[in-house]
Amino acid sequence: MNDTLYAVIPCYNEQEVLHETAKRLREKFLNLIAAGNISDKSRIVFVNDGSKDSTWQIICELHAQDKIFSGINLSRNRGHQNALLAGLMTVKDCADMVISMDADLQDDINAVDEMVAKYQSGFDIVYGVRSKRATDTFFKRFTAESFYKLIKFLGGDIVNNHADYRLMSKRALDGLAEFGEVNLFLRGIVPMIGYPSTNVYYERAERFAGESKYPLKKMLFFAFQGITSLTVEPIRMITTVGVAMSSISFLVILWTLYEYFFGETIRGWTSMLASLWFIGGLILLSIGIVGEYVGKIYLETKKRPRFIVSEFLND
């Protein structure tokens, strides 16, 4: 049976929660090994994403104490998505299946049992999906749900209420390795792989300790990154708006000619000024969206490495 499981956990300044995360995951893995569900070669891999605290030191200590823990140290901070990809690509040849999750213990580790069972029943990708958002504020719940709806409206293929808690088989990871883009949005890329997939539902808990690494500013950037990485629909919408504005402009020209010959031309001053400001803002917005895509093309053509592994602790 192909039953070697690796868990990949990106870490950035997670010293407050790392010991507890390691403790709970170790207990879960030992229970799965004892039950014969996974191999005793299975490992828990922490990926240090250029942390400024003692995260890497703790990872090294955990590895020295128990070989069930492994560590990957990136040469510098590359962001959550790149750190996660670094872990997946580094361990994909060591494991039969890999589960990715966050280090803050918000993802329910008890869902791992069902994920493994789904894999053993023939699924290559198992998505961890939140059953509800009771722990979120109204603002966060509203913005998150709006984001998923917007992605789908723009043509992106994404699993609702799924972040990066998922199981992938080695075959699925080999498929993921074929995607070479620099601008990563894994929760949108993984569904493109194809292979049989299913969902496992769980309730997301409060963060165990430390601070969230995704304040509002980062969440907005991440959302914009996801939209522009998955679809060109915003550029098509600019074309649609341009056609609509051209049609409106034609009607405005007819109106101004009528006012010139039969009315008081001074009456159009307010509407003309408002139109100029509106059209000017629309042009700047359109240039900005197109510029974002041009910038992404620029980064893709450079083919810079998405991550560089400095150390890999694994027996």
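Is Phe147 buried or exposed? Select Phe147: at 13% relative accessibility, this residue counts as buried. (Buried means under 20% relative accessible area, exposed over 50%, partly exposed in between, with a 1.4 Å probe and protein chains only.)

Before moving on, note that this is a predicted model, in which local features need pLDDT of at least 70, side-chain atom pairs count only at pLDDT 80 or more, and totals for chains, interfaces and linings use all residues. Residues are numbered from 1 along each chain as its sequence is written, and side-chain values use heavy atoms, leaving out hydrogens and water.

**Stop 1: around Phe147**

Phe147 sits in helix α5 (residues 138–153). Helices (H or I, at least four residues) and strands (E, at least two) are DSSP runs, numbered from the N terminus.

**Stop 2: two helices**

Select residues 18–34, helix α1, and residues 55–65, helix α2. They pack at an angle of about 30°, with axes 10 Å apart. Axes are lines fitted to C-alpha atoms, for helices over the stretch in contact, and angles run from 0 to 180 degrees between N-to-C directions. α1 and α2 are therefore roughly parallel to each other; angles under 35 degrees count as roughly parallel, over 145 as roughly antiparallel, 65 to 115 as roughly perpendicular and the rest as oblique.

Now show the side chains. From α1, Leu18, His19 and Ala22 make the contact; from α2, Thr55, Ile58, Ile59 and Leu62 do. Contact means heavy atoms within 4.5 Å.

**Stop 3: aromatic pairs**

How many aromatic pairs are there? The count comes to 2. Rings of Phe, Tyr and Trp (its six-membered ring) pair if their centres lie within 6.5 Å; planes under 30 degrees apart count as stacked, over 60 as edge-to-face and the rest as tilted.

Select Phe46 and Phe69. This pair is stacked, 6.1 Å centre to centre, with 25° between the planes. Phe46 lies in strand β2 (residues 43–48) and Phe69 in strand β3 (residues 69–74), so the pair ties together parts 23 residues apart in sequence. Phe46 is buried, at 0% relative accessible area. Phe69 is buried too, at 4%.

Go on to Tyr165 and Tyr202. Their ring centres are 5.2 Å apart and their planes stand at 85°, so the pair is edge-to-face. Tyr165 is in strand β6 (residues 162–169) and Tyr202 in strand β7 (residues 197–202), 37 residues apart. Tyr165 is buried, with a relative accessible area of 1%. Tyr202 is buried at 5%.
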